[in-house]
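Please look at the sequence and the structure below, and then read the short report on some of the contacts and surface features found there.

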Amino acid sequence: MTTGTEARRGTQPEPSAPRTSGTAVMGLAVPRPGLATTLVLLGVYAASRLVTTLFLAVVHALTATAAWAQHDGGPGFAGYLSSWDAVFYREISEQGYPAELPRDDDGQVVKNAWAFMPLFPALVRVVRPVVGGDWLIAAIVVAVLAGAGATLVLHRLMLTRFGARASFWGAVFFCVAPMSFVLQVPYAESLFLLLMFGALLAMTLRRWAWFTVLGVLASVAHPGSLALSAALGLTWLVRLVRDRRARRRGVDHEQEHPGDWTPVTEHVRIWAAGLIVTAAGFAWPVVVAAVTGERDGYFATESSWWRDYIGSDGFVPFTPWFRFGDAMAGWLGVVAVVALLAVVVLGLVRRSQRLGLELQTYTIGWVAYLVAVFLPQQSSFRMLMPLAPLLGDPQLSATTRRVVITIVAGLALQVVAIVLLWTAWPP
């Protein structure tokens, strides 16, 4: 039975998931929700970051002289941690963005700082004097603290749907996930995840002002905030259709779908929030064009990372995956992309009841964003991190064995990811 609060929010925990637990669950202790859970999760997050630091240090020590190790941040362990996108974030923090797009001898735009949003380097610039002026330390502090916040907000988000046990272990799984090492290197990922999870939580709780603020901030932290607009639009549309169907049948819609019915004023708030976040999501290409004087400057910059894979034919929405498949394996590659997308859609349909409306539409929105604008490559694994709310699925933590296997697999795959996606190639 749902409580009145849950009914208003349109959420309902899994029936099999206990709402509170201070005893052992399947042999594994789960703290009671509240301050105790927060402190335990912070402890888990801190421990996981120490373990990841050890992984990074060992991999660096073993590969420092290897010919295949391509990290490009400079010598030593500090340079190792400052590799790949961190080079651009440091450039933005210390020098700002270039007034003109850099080009190669053929006149094509090359990789440059305009591909990266300004919020993370701006925060690093603020924190830097506090930690003695060292850029790397400041960047790691911002990333680690944002990752801690993302863990707690993710846990709170999971609680709106999954219940205490599944939500707790889902947050733990997030801390030890294969790509979780990105939470402590000078990348904007942890900050972006904090803002995205916060905006999604605000949407779930119908706090439209918070959704707007967090969504706008997410849009200046990392590409991808348009997934929030898509999720909000889909959620609004589903509730509108439900309401109209209930009216035609003469059914009390509030009883049939608790939390769906909203007054006209809330529809206005939803539309206002959605339009503002959408405008913010499209703003960065406009900024790049205004500063550099090149209308397609942002897309030319982004596609410079694609040149080694699919050439430089320009950007067309919803084509990168298919172009990549065709470049890699011809028509068989295109068929493989279609099959992969079909599997993803089928998986979402099968899990729709467990996810609930908000998580389902958010997942659809994020997958649609990736298919629309992102080229599948090694960074695809990092780009799956915003789907972390799916880790709250109760099936992952239903037994002790599943919990242990998931944690061990996450840690083992994290080592593999550090070797392949930080040491050998950019993540």
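Predicted model: local features only at pLDDT ≥ 70, side-chain atom pairs only at ≥ 80, totals over all residues.

Arg 103 belongs to the loop between H4 and helix H5 (119-127), while Glu 294 belongs to the loop between helix H12 (264-292) and helix H13 (297-303), so the pair ties together parts that are 191 residues apart in sequence. Arg 103 has a relative accessible area of 41% and is therefore partly exposed.

## A buried pair and its network

A search of the whole structure finds 6 salt bridges. In one of them, the side chains of Arg 382 and Asp 85 meet at 3.6 Å, N to O. Because Arg 382 lies in the loop between helix H16 (352-373) and H17, and Asp 85 in helix H4 (residues 85-95), this pair ties together parts that are 297 residues apart in sequence.

Arg 382 and Asp 85 are both buried.

Arg 90 and Glu 94 are both found in helix H4, 4 residues apart, which is about one turn of the helix, and their side chains meet in a salt bridge of 3.0 Å, N to O. Arg 90 is partly exposed at 34% relative accessible area, and Glu 94 is also partly exposed, at 38% relative accessibility.

Leu 413, Val 416, Leu 420 and Trp 425 make a nonpolar surface patch of about 360 Å². Trp 425 is placed in the segment after helix H17 (400-424), and Trp 425 counts as partly exposed because its relative accessibility is 42%.

Technical notes
Residues numbered from 1 in each chain as written. Heavy atoms only, no water. Patch = residues over 30% accessible without salt bridge, like charges linked within 9 Å, V, L, I, M, F, W, Y side chains within 5 Å. Areas by Shrake-Rupley, 256 points an atom, 1.4 Å probe, with all protein chains shown as cover. Salt bridge = Lys/Arg side-chain N within 4 Å of Asp/Glu carboxyl O. Helix = DSSP H or I, 4+ residues; strand = E, 2+ residues; numbered from the N terminus. Buried < 20%, exposed > 50% of the residue type's maximum accessible area, 1.4 Å probe, protein only.
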